[in-house]
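Please keep the sequence beside the model while reading.

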Amino acid sequence: SKFLEFFLRKPCWEHVKVMVAVGELNPDAEILKQRYKDQPRVQLHVNAKNMEQLMQDADYAVTAGGTTLYEICATGVAASCFAIADNQLEIAQSFDDRGLVSYAGDFRVDPEKTMDKILEQMSQAKDPGYRKDKADKLQKIVDGKGAWRIAQALISAPYQLETRTKG
């Protein structure tokens with residue numbers, strides 16, 4: 001919510017529409033609904049069932065540095081991330097070190113600096129070539145077929161166990 005307000009006040013981004021996705025348990029969901037119901041630049045999605053499609057429709061994503069980063073990889077959308085909890089620091093920094101997702105900092109330590117860094121990172125993404133390069137790198141990390149591979153392994157597990165015990 002803080003970053004959204006910060007972003008909407010920046011004149012150089014006034015042509016950009018923003019999709020915001022929050023879970024139904026987000027304590028600010030109702031406040032966000034009321035605050036942005038008449039804001040044409042903001043599309044609010046609460047408990048979205050189509051997150052993959054929302055990510056694919058985006059030119060750029062801004063997210064906290066948790067497991068959502070793997071969803072970012074699968075969809076190939078260029079992104080900035082930030083930390084809001086200790087368990088996000090290592091993964092966010094790791095993704096940045098590998099050139100996958102740009103890490104903007106720890107929001108708890110310096111929100112203003114983190115938000116400025118996100119806008120700086122977003123400026124790079126105005127270039128379609130930059131976004132294409134990021135998409136290619138991201139999709140090499142996660143192909144979105146992990147659940148299928150796990151299901152295949154589980155299906156074949158009884159057969160493998162059976163053949164081992166007979167031999």
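Helices and strands are taken here as DSSP runs, a helix needing at least four residues in state H or I and a strand at least two in state E, with numbering from the N terminus. The model is a predicted one, and in these terms its secondary structure comes to eight helices and five strands. Followed along the sequence, these elements give the pattern α-β-α-β-α-β-α-β-α-β-α-α-α.

The C-alpha atoms of the chain fill a box of roughly 70 × 35 × 30 Å along the principal axes. Of the 167 residues in the chain, 34% are buried, and the chain exposes about 10700 Å², of which carbon and sulfur atoms supply 52%. Among the contacts with a separation of 6 or more, 48% are made by residues 24 or more positions apart.

What does the interior consist of? The largest nonpolar core has 25 residues, and within this core F3, L4, F7, L119 and M122 touch the most other members. At least two residues of this core come from each of α1 (2-8), β1 (18-22), α2 (29-36) and α6, and the largest share, five residues, is supplied by α1. Taking M122 as an example, and leaving aside residues up to four places away in sequence, M122 touches F3, F7, W13, Y60 and V62. Apart from this core lies another, of 16 residues, which includes A83, F95, L100 and Y103.

We can now turn to one helix in detail. Helix α7, residues 128-141, has 14 residues and reaches 20 Å from its first C-alpha to its last, close to the 20 Å expected at 1.5 Å a residue. Which residues of α7 are buried? They are Y130, K134, A135 and L138. Seen down the axis of α7, these buried residues fall within an arc of 135°, and they therefore line one face of the helix. The buried residues of α7 pack against α4 (68-75), β5 (102-106) and α6 (111-124), whereas the face of α7 turned away from its buried side carries the exposed residues P128, K132 and K140. At the start of α7, finally, a side-chain oxygen of D127 reaches to within 3.0 Å of the backbone nitrogen of G129.

Notes. Residues are numbered from 1 along each chain as its sequence is written. This is a predicted model: local features need pLDDT of at least 70, side-chain atom pairs count only at pLDDT 80 or more; totals for chains, interfaces and linings use all residues. Side-chain values use heavy atoms; hydrogens and water are left out. The expected span of a helix is 1.5 Å times one less than its number of residues. Buried means under 20% relative accessible area, exposed over 50%, partly exposed in between (1.4 Å probe, protein chains only). The arc is that of the directions from the helix axis to the C-beta atoms. Contact means heavy atoms within 4.5 Å. A polar contact is a pair of N or O atoms within 3.5 Å; within protein, one must be able to donate a hydrogen and the other to accept it, and residues adjacent in sequence count only if both atoms are side-chain atoms. A nonpolar core is a set of buried Ala, Val, Leu, Ile, Met, Phe, Trp, Tyr and Cys residues joined through side-chain atoms within 4.5 Å. Accessible areas come from the Shrake-Rupley method with a 1.4 Å probe; for residues, only the protein chains shown count as cover.
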